[in-house]
Amino acid sequence: MATDIMSQEESSKKIVIQKGTFLPTAIILIAVLLVGIIVPAFFNESAIYLFNVVTQQWGSLFLLMAVLMFVLCIVIACIPFGKKRLGGEDARPEHPVFSWCAMAICSGIATAMVFFAVGEPLTYFHTPPVYTGLTGGTPQAAVRGIMIATFHWSFIYYGMFTFWGLAVGYMSMNYKLPYRPSSALYPILRHHIYGWPGKTIDVLSVLALIGGIVSSLGFGTTQFASGLDFLFEIKPSNTIFFVTILLVTLSYTASSARGLNQGMRIISNMNAYIYIAITVFLVIFGPTVFLSDLFTQALGSMIVDFIPTALNADAFDIGKGWSENNTIFFMAWILAYAPLIGMFLAKISKGRTIRAYLMVNIFVPGLFVFVWFTAFGGNAIYQDFFNNAGIIDVIRERGFPIANFALLDHMPFRMVVIPLIIACLFFSFITLADAMTGTISSMTLENAVPDEAPRPIKLFWGLLMGATTLICLFALGEVGTLAMQCITIIYALPIVLISIPVVIAVLRMATGRVDRELALNPPGPDEMRQKTWRIPR
């Protein structure tokens, strides 16, 4: 058991920090910030070099693991193991179904769904990936464009999240292990999760997550600034970037400090209503029948072309790096989030059956993303195909961040809908970072549990994530997009390697082997050897 256990009264006045996780993570992040400030050119060049090494040498592994985790989730949902409950047989759901689904969508998709909704499918429509063999600007390219964009952000995306959430959530909630990524490997490592192997896994998971958040907040900040330019002619600048990230950081940190029910849940519900309202607007005031037909055809393409799209490693490089900069990048970006987003999804699903947890967290967000991309991307494709609107030309001239606003400029009520999109983007920042601030804070405490972490710890991690984003934007270029992509891929490589033994651990859980082994030899307090700090609340 952890050294010098506090009494119940004392514990109410102290915060006990798990030094082995907290200290290395904080030191590495601060060191990265300092390198970015002092030698930005070296940092940028190193990140690009490592990005190329990782995507060229390890790209196939990202693709294979993404498909494997998704398939395993579907299989596990269909076997008797799926009847078990997260938290034990007596556990009951803590959140209503709508709030549960809203938090799942908002915590996972966040800024990505808003950022790529128009630009990605429209780009694939005009310039289809070479491996598809399609001609740009054709109906076939339109269907495949919606399918590929949706593929990147829907079912397989959430398959990776839910897989990791199952691995950690089952061992933590059902066997009272610490709520950390390393607990997923308890069936293999046993008590070693409390030593350096477990600490290494936890530290790498936090670093990977923050790398992913830097990408999300960086992309979102540039789009937010573009929206202000488009609506109010306020030109993007470092001042705008700084103020945006500062406001977002203060907002999600304050929301996280209020707790899940008073912060994240309320904002997620509100954001979900905005998502629904915008989608309904685009369908009703757009080409409704065309969008319905396009959705149906794209769904058929998803069924037929899912595996070829998922496993397009492009061995002969006929796409000239397309796969590395698109599908592999997106899979790596998602994997960077997977352990901690998955833990959050498991946390809000406590009391649900494993079957419900898997199916809802994969297919509810997945179908919503499908409708969202069809509403946005389908409208843009319709405007360019039938009306020669030239939205793609605006994107090529002014960049991806302007894409949504270029579409909405051709829609009615633009002065109402564009501010709504900007607000939606702002809330998307908050929901993603709020969920992750709480999760990181909890896992850096002694005997980490899914419960709320103390406010000082949330403040520390929330502000540190915001500072990291600022450094990446300013030290790595005006928008920092390429450098942020590189950082995400680099951090994601250890996660994909760790995922291999996690697959073995989950298979042991699903077959009942873990339950049988732990019935004979349950995890005990004598296994734990944690170094901790205590600081006043």
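**Aromatic pairs and a kinked helix**

In this predicted model, Phe281 has a relative accessibility of 10% and therefore counts as buried. Phe285 is partly exposed, with a relative accessible area of 44%. Both residues lie in helix H12, four residues apart, about one turn of the helix. An α-helix has 3.6 residues a turn, so residues three or four places apart point the same way. The rings of Phe281 and Phe285 form a tilted aromatic pair. Their centres are 5.1 Å apart, with 35 degrees between the planes.

Helix H12 spans residues 260-285 and also holds Asn271. Asn271 has 0% relative accessibility, so this residue is buried. Beyond its neighbours within four places in sequence, Asn271 contacts Cys106, Cys424, Phe427, Ser428 and Thr431.

A search of the whole structure finds 36 aromatic pairs. One of them joins Tyr275 and Trp372 edge-to-face, at 5.1 Å centre to centre and 80 degrees between the planes. Tyr275 belongs to H12 and Trp372 to H16 (residues 354-387), so the pair ties together parts that are 97 residues apart in sequence. Both Tyr275 and Trp372 are buried. Elsewhere, ring pairs link a cluster of Phe115, Phe116, Trp153, Tyr157, Tyr158, Phe161, Phe329, Phe330, Trp333 and Phe400.

H3 has a kink of about 65 degrees, centred on Trp58.

Terms used: Residues are numbered from 1 along each chain as its sequence is written. This is a predicted model: local features need pLDDT of at least 70, side-chain atom pairs count only at pLDDT 80 or more; totals for chains, interfaces and linings use all residues. Side-chain values use heavy atoms; hydrogens and water are left out. The bend at a residue is the angle between axes fitted to the seven residues ending there and the seven starting there. Helices (H or I, at least four residues) and strands (E, at least two) are DSSP runs, numbered from the N terminus. Buried means under 20% relative accessible area, exposed over 50%, partly exposed in between (1.4 Å probe, protein chains only). Contact means heavy atoms within 4.5 Å. Rings of Phe, Tyr and Trp (its six-membered ring) pair if their centres lie within 6.5 Å; planes under 30 degrees apart count as stacked, over 60 as edge-to-face and the rest as tilted.
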